[in-house]
Amino acid sequence: MNEYTMPILFGVIIGTLGRILMLRTDYRQYPTYLHGKVIHVSLGFIAASLGSVAIPAIMELEFTAVTFLTVAATQFREVRNMERNTLTEVDSFELVPRGKTYIEGIAISFESRNYLVIFTSFISTLTFIVFDVYIALIAAIGCLGISMVLMSGKRIKNIVQIEHQPLHFKGAGLYVDNIYIMNIGLPERQDEILKYGLGFVLTPKNINTITTIANLGQRQAILHDVSVTLGVFRDSGTPALTPLIKRDLDDGRIGIFILPQIRNVNKAKQVIGAVPVLESAIRMPSESSFFRWRGDE
């Protein structure tokens, strides 16, 4: 063993541990299958190895060796493509699909976590070589904490107010509060919807939120997460029993119509509030220069 063996080993272990911590199965139930986890842990090990050997390569003035990081970036982009393709294929068999926007967000997160692993291994190895193992442990814990923070984002409950509103019909039109959802002509279907359905209204807190929750991908993510967590009262070939979200064009509120098998209002509000705000759905119109103008110019 040479002087870099222990620092590299330390960095690889910390980086791989970080990837395992970030690879958790949550209420979305992905990934659950063993082979999927093995793939991502293996890629995390590779990422940790790349981050760990970068410091010794620089210290030995082997600058050309660091160029393999660019190759790693290309390979990790393939991870995003793999996840996108896999989830897109599976999504067609969901009763309430995730939608392309949600799938793209998941795929990006899997790619970005490998870069967090490289960063964690890089810092851990560097502090081990420059200082000692105790300082390296502190730095590693700090990097793991930063990775966990960066992995989490805003939730729907942070940007809207969630209110339960009873479903009602005006003729054949289904409404949540005063927001039109869809047209149901059959009396039997109307009875089923009133019996099994729940309605909620999401009121945006600012102008940025109005644009964000108007995004069709964000709306589909809400419907999917609620259906996965609370179940859904529908089967294939029953278009009338399809959960929907519609928008109030006057004030930007959205009305949510769901058909959960667990018909609990409080749990449904918690699930809706826990839905992640998709990065690709975020808009910031308040940051535009037009909103900073003063006067009538």
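Helices (H or I, at least four residues) and strands (E, at least two) are taken as DSSP runs and numbered from the N terminus. On this basis, the secondary structure of the protein chain amounts to nine helices and seven strands. The model is predicted, so that local features require pLDDT of at least 70 and side-chain atom pairs count only at pLDDT 80 or more, whereas totals for chains, interfaces and linings use all residues. Residues are numbered from 1 along each chain as its sequence is written, and side-chain values use heavy atoms, with hydrogens and water left out.

Along the principal axes, the C-alpha trace spans about 80 × 55 × 30 Å.

An automatic or database domain assignment divides the chain into domain 1 (4-152) and domain 2 (157-283). Their centres, taken over C-alpha atoms, are separated by 35 Å. Contact (heavy atoms within 4.5 Å) involves ten residues of domain 1 and 20 residues of domain 2. The two domains bury about 1,200 Å² between them, 64% of it on carbon and sulfur atoms; buried area is the accessible area (1.4 Å probe) that two parts lose on being put together, summed over both.

The whole structure, however, contains eight salt bridges. One of these joins R84 and E104, with the closest N and O atoms 2.7 Å apart. Because R84 lies in helix 3 (residues 68-91) and E104 in helix 4 (residues 100-130), the pair ties together parts that are 20 residues apart in sequence.

Methods:
Salt bridge = Lys/Arg side-chain N within 4 Å of Asp/Glu carboxyl O.
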